[in-house]
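Hi there,

Here is the structure I promised to pass on to you. Have a look at it first, and then read on for what I found in it.

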Amino acid sequence: MNLYFQQTTIGKIGIAEESNSITNLFFETDIFPQDFEISETPIIREAFRQLEAWLSGNLQKFALPLAPHGTDFMRNIWKLLCEVSYGTTASYKELAVAAGNPKAVRAVGLACNRNPIPLFIPCHRIIGSNGKLTGYRGGLELKKRLLKMERAAGSSL
């Protein structure tokens, strides 16, 4: 598995890949496994290129091969997260309903919390049913900033 770090407008980000698919994204405050080989591969380079375009408001949807590790339920939720449109939000309850299990709100929250590829799998777009921002691995300030950035870029397109 390869891992490479790069400075971005939201801080230092690490992107990991295995077998030409993105497996993890690390914020600078995350603890990451030490068994990665530090090297920039072509897919990691492309991931950073798309990430920078997204952060500057010039890209709304990533086109990257993603291979997050998790349970079948988690992978299903992560797939649903990718369907939440740029500049919009959805609630944990809405995701549970979309997954076919309206009572699985807590499990949806856990899947969001365990998302190994935030940003590329946009868990920052998920909010509480009351419209309030809830936890985010990168911190609530970053979540707020990402949502504001998407709304501003989306309204200018």
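**What I found**

The protein chain carries 18 positive and 14 negative charges, and their mean positions lie 11 Å apart. Please keep in mind that this is a predicted model.

Let's go on to the overall build. There are 5 helices and 6 strands in the protein chain. Starting at the N terminus, their order is β-β-β-β-α-α-β-α-α-β-α. The radius of gyration is 15 Å, close to the 15 Å given by the globule rule for 157 residues, so the chain is as compact as a globular protein of that length. Along the principal axes, its C-alpha atoms fill a box of roughly 40 × 40 × 25 Å.

Of the 157 residues, 46% count as buried. The accessible surface of the chain is about 8,200 Å², and carbon and sulfur atoms make up 53% of that. As for contacts between residues at least 6 apart in sequence, 59% join residues at least 24 apart.

Which of its residues are buried? In this helix, which spans residues 105-113, they are V108, A111 and C112. These residues cover an arc of only 100° around the axis, so they sit on the same side of helix 4. R106 and N113, on the other side of helix 4, are exposed. And what covers the buried residues? The cover includes helix 2 (72-81), helix 3 (92-98) and strand 6 (126-127).

Enjoy exploring!

Best wishes

Definitions and conventions: Residues are numbered from 1 along each chain as its sequence is written. This is a predicted model: local features need pLDDT of at least 70, side-chain atom pairs count only at pLDDT 80 or more; totals for chains, interfaces and linings use all residues. Side-chain values use heavy atoms; hydrogens and water are left out. Helices (H or I, at least four residues) and strands (E, at least two) are DSSP runs, numbered from the N terminus. The radius of gyration is taken over C-alpha atoms; the globule rule is 2.2 Å times the number of residues to the power 0.38. Buried means under 20% relative accessible area, exposed over 50%, partly exposed in between (1.4 Å probe, protein chains only). Contact means heavy atoms within 4.5 Å. Accessible areas come from the Shrake-Rupley method with a 1.4 Å probe; for residues, only the protein chains shown count as cover. Lys and Arg count as positive and Asp and Glu as negative; His and the chain ends are not counted. The place of a charge is taken as NZ of Lys, CZ of Arg, CG of Asp or CD of Glu. The arc is that of the directions from the helix axis to the C-beta atoms.
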